[in-house]
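Please look over the sequence and the model first.

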Number of protein chains: 2
Amino acid sequence: MIKNIIGNSDFIESLRGKKASFLLALSNTDTANIEGITQAGIPGKMYLTPTLDSEFLCTGEVRSLDIIAETPKGVPTPALITRAVHMLNPYSSLEILDLGLQVKPKINYFNIHDFNIKPSSRIDENANINALDIFQKGLAFGQKYTTTDDYIILAESIPSGTSTACATAQALGYDAKNLFSSSFKDTPSNIRETTIEKSLKHIKEEDDIFSILGKVSDNMQIFNAGFILGLNNTKKVLLAGGTQMASVLLIINSILKTMDGTFNSSNLALCTTKWVYEDKNSNIKALLEMLNFKINAYYPEFDFSTSNHPALKLYDEGEAKEGVGAGGALVYGLINGLEKEQIINKVESFLG
Amino acid sequence: MIKNIIGNSDFIESLRGKKASFLLALSNTDTANIEGITQAGIPGKMYLTPTLDSEFLCTGEVRSLDIIAETPKGVPTPALITRAVHMLNPYSSLEILDLGLQVKPKINYFNIHDFNIKPSSRIDENANINALDIFQKGLAFGQKYTTTDDYIILAESIPSGTSTACATAQALGYDAKNLFSSSFKDTPSNIRETTIEKSLKHIKEEDDIFSILGKVSDNMQIFNAGFILGLNNTKKVLLAGGTQMASVLLIINSILKTMDGTFNSSNLALCTTKWVYEDKNSNIKALLEMLNFKINAYYPEFDFSTSNHPALKLYDEGEAKEGVGAGGALVYGLINGLEKEQIINKVESFLG
């Protein structure tokens with residue numbers, strides 16, 4: 001079952017049986033090196049998470065490390081969900097967007113788009129991103145991107161991305177301080193709040209939107225805002241992510257306001273997980289309602305309640321929640337005839 | 001699960017969800033009339049096997065005979081496996097290459113490429129093939145072949161093909177006498193060895209590579225060597241077969257050496273069955289390691305251990321093993337979401 005967050009079911013229903021290109025946007029921000037800010041990976045090696053996620057999604061193997069990325073509490077990466085769906089009902093193609101990776105994934109035969117982007121700095125020390133450049137790279141990619149598939153699933157993996165997203169939304173003037181999700185069940189508010197507060201202090205009155213983004217955001221958000229605007233509604237897009245993808249939409253919203261532009265969002269939707277939707281510490285619906293354009297948003301009626309695996313139970317308890325397009329992947333699987341139990345069994349098979 | 005024979009998983013992983021054209025190359029060599037050399041069919045009617053295989057694969061019916069081709073021990077043709085996968089997750093297209101059939105298959109509506117090739121003679125009496133002509137026909141076909149599908153699965157059915165393959169490899173100077181598979185669990189060494197020894201005696205010092213192939217090989221191997229070189233890496237190809245397809249690669253290897261040519265093999269891979277991979281009387285890995293170009297090779301983790309059908313159990317005991325692209329078909333099925341048990345159930349349904 002697919003549930004609506006906002007909008008109605010028509011958009012997602014129209015995609016049943018259609019072919020999807022799965023695009024995974026990867027990036028590193030040094031913000032993830034701030035101790036305790038994220039649990040999306042291995043402490044001290046947080047920067048490896050997007051690399052490992054892409055290796056596992058494409059090949060079923062983690063190659064740049066000998067174990068699957070797990071949080072200290074033992075929550076396995078949501079890439080397991082995205083891979084499980086790919087094995088049961090493959091995406092028509094799988095492409096990687098390298099938006100500033102510290103370590104390149106060890107993958108052959110897959111289309112890896114390299115945009116010559118560097119990992120960004122800690123937002124509490126000024127992320128130091130040439131945001132206009134990154135945005136324009138996204139815009140150009142969207143303008144020239146072609147696929148014979150019917151729609152795009154756009155996913156992300158960037159550790160501490162919810163912190164940079166929360167900083168971004170606030171810096172752009174949205175009253176969004178308490179609306180952002182995190183990889184923790186109980187967000188370590190102190191560390192995150194302090195980091196975000198420090199980042200916001202770098203913003204000066206004369207900063208334009210790209211100067212602001214360059215200080216507090218990340219490559220993934222800025223690039224994808226450009227990418228979506230570059231596509232210009234020519235292709236259906238499922239933003240597969242939680243509050244980070246909502247932040248991408250808020251960036252688009254702000255750019256449109258700044259430029260007095262209009263935007264046809266009829267081919268755009270967001271899909272996240274039930275864990276994000278039901279999260280008490282964030283509110284994706286509230287974020288989406290801040291947009292001046294209409295958007296359809298969905299989550300799948302999927303959890304691990306029927307699984308006995310303790311590592312998967314942690315998802316239901318609110319750890320991890322989303323990433324590597326898990327929510328979008330689940331929606332894709334469900335609208336292509338997969339059953340919840342099949343997906344759970346496949347995910348369990350990875351964990352042994 | 002797909003396992004590597006050599007290379008890594010990237011090539012086959014990149015084909016998940018992609019569309020495949022299944023090409024079945026059929027031929028007869030009178031070598032199959034040598035009593036006891038093969039069990040790939042009905043004694044006295046061995047020449048019918050490729051015809052019946054293609055009829056069953058395309059239509060689910062055997063039309064040129066009233067029963068499914070079975071070995072004297074009751075091992076059913078591996079076409080059952082290839083057909084089962086086609087029913088569960090169809091190949092995008094199914095085409096027949098007639099490379100010298102004694103009896104044309106009774107099939108309409110399918111693309112049957114007729115190359116005006118005659119069945120070849122017994123190799124112990126000189127196969128008498130115009131090898132350069134057959135090779136050039138393959139080359140021309142590869143150069144002009146087009147498909148909108150993402151890759152080609154190239155399979156074969158030619159009784160006694162492992163004997164002609166073993167003769168071919170030895171005639172080309174490869175130390176491969178004991179590396180070739182057969183349709184028997186225990187290869188009838190005497191008959192095969194005598195046949196191959198006799199065939200090799202026809203080769204004279206002045207023979208060039210095509211003269212050699214014309215004496216000891218078969219149409220399938222020679223044509224497909226040309227076909228692959230003609231495609232020139234423009235399309236991804238899965239060679240769906242065991243040691244016979246390895247011999248096709250050895251022919252290519254020798255032609256390249258003779259002509260001092262280079263060859264990009266990055267879009268080429270081989271898939272065979274677990275039964276071939278684990279066969280104690282042959283060694284496909286050793287054959288592939290003789291190549292001067294790189295190749296990825298795979299086999300599916302598929303057997304009939306969970307089946308109760310006695311005829312299928314014979315596969316696990318080492319009879320039959322491969323043919324009609326069974327290994328490639330299984331890999332295709334598995335990377336498109338089929339489960340082992342589904343395939344087994346479908347195969348069993350053909351046997352009643």
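Which residue in strand 8 of chain B does Asn4(B) stand opposite? The residue opposite Asn4(B) is Tyr298(B). The model in which this pair is found is a predicted one.

## The sheet of chain B

In chain B, eight strands make up an open sheet with mixed pairing, and their order is 1-8-7-6-5-2-3-4. The edges are taken by strand 1 (2-6) and strand 4 (111-114) of chain B; each has a single partner strand, so one side of each is left without a neighbour in the sheet. On average, and with direction ignored, neighbouring strands are turned by 25 degrees against each other. Strand 1 of chain B runs antiparallel to strand 8 (residues 296-300) of chain B, and four bridges join the two.

Helix 8 (residues 219-231) of chain B lies across strand 2 (20-26), strand 5 (151-157), strand 6 (236-240) and strand 7 (268-271) of chain B. This helix runs at about 150 degrees to strand 2 of chain B.

## The sheet of chain A

Chain A also has an open sheet of eight strands, in the order 1-8-7-6-5-2-3-4 and with mixed pairing. Strand 1 (2-6) and strand 4 (111-114) of chain A have a single partner strand each and stand at the edges, so one side of each has no neighbour in the sheet. From one strand to the next, the twist averages 25 degrees.

Within this sheet, strand 7 (residues 268-271) and strand 8 (residues 296-300) of chain A are parallel and pair over three bridges. Ala269(A) stands opposite Asn296(A) of strand 8 of chain A. Two helices can be described by the strands they touch. Helix 2 of chain A packs on the sheet against strand 2 (20-26), strand 3 (93-98) and strand 5 (151-157) of chain A, and its direction makes about 155 degrees with that of strand 2 of chain A. Helix 13 (residues 326-335) of chain A also packs on the sheet, touching strand 1, strand 2, strand 5, strand 6 (236-240), strand 7 and strand 8 of chain A. The direction of helix 13 of chain A makes about 80 degrees with that of strand 8 of chain A.

## Nonpolar cores and buried residues

In soluble globular proteins, nonpolar side chains tend to be buried together. The largest nonpolar core here has 107 residues, and those touching the most other members are Leu24(A), Ala25(A), Ile153(A), Leu154(A) and Ala269(A). Helix 8 (residues 219-231) of chain A gives this core its largest share, eight residues. Another core, of 105 residues, lies apart from it and includes Leu15(B), Cys166(B), Phe223(B) and Ile228(B).

Beyond its neighbours within four places in sequence, Ala269(A) is in contact with Phe11(A), Ile12(A), Leu238(A), Ile295(A), Asn296(A), Ala297(A) and Tyr298(A). In chain B, helix 7 (residues 209-216) is largely enclosed by the rest of the structure, because six of its eight residues are buried. The buried residues of helix 7 of chain B are Phe210(B), Ile212(B), Leu213(B), Gly214(B), Lys215(B) and Val216(B).

Most residues other than glycine have a negative phi, and most peptide bonds are trans. Asn128(A) is not a glycine, yet its phi is positive, at about 60 degrees. It lies in the loop between strand 4 and helix 4 (131-144) of chain A. Asn128(A) counts as partly exposed because it has 15 C-beta neighbours inside 10 Å.

Lys118(A) is found in the loop between strand 4 and helix 4 of chain A, and with 15 C-beta neighbours inside 10 Å Lys118(A) counts as partly exposed. In chain B, Asn126(B) has a positive phi of about 80 degrees without being a glycine. Asn126(B) lies in the loop between strand 4 and helix 4 (131-144) of chain B and counts as partly exposed, with 17 C-beta neighbours inside 10 Å.

## How the chains meet

Contacts between the chains involve 15 residues of chain A and ten residues of chain B. On the side of chain A that touches chain B, the elements giving two or more residues are helix 2 (49-59) and helix 3 (79-88) of chain A. Helix 3 of chain A gives the largest share, three residues. By type, the residues on this side of chain A are eight nonpolar, six polar and one charged.

Terms used. Residues are numbered from 1 along each chain as its sequence is written. Chains are lettered from A and ligands numbered from 1 in the order in which they are written. This is a predicted model: local features need pLDDT of at least 70, side-chain atom pairs count only at pLDDT 80 or more; totals for chains, interfaces and linings use all residues. A nonpolar core is a set of buried Ala, Val, Leu, Ile, Met, Phe, Trp, Tyr and Cys residues joined through C-beta atoms within 7 Å. A residue is buried if 20 or more other C-beta atoms lie within 10 Å of its own, exposed if 12 or fewer, and partly exposed in between; C-beta atoms are placed from the backbone. Two residues are in contact if their C-beta atoms, placed from the backbone, lie within 7 Å. Two strands pair if DSSP finds at least two bridges between them. Axes are lines fitted to C-alpha atoms, for helices over the stretch in contact, and angles run from 0 to 180 degrees between N-to-C directions. Ala, Val, Leu, Ile, Met, Phe, Trp, Tyr, Cys and Pro count as nonpolar, Asp, Glu, Lys and Arg as charged, and the others, Gly among them, as polar.
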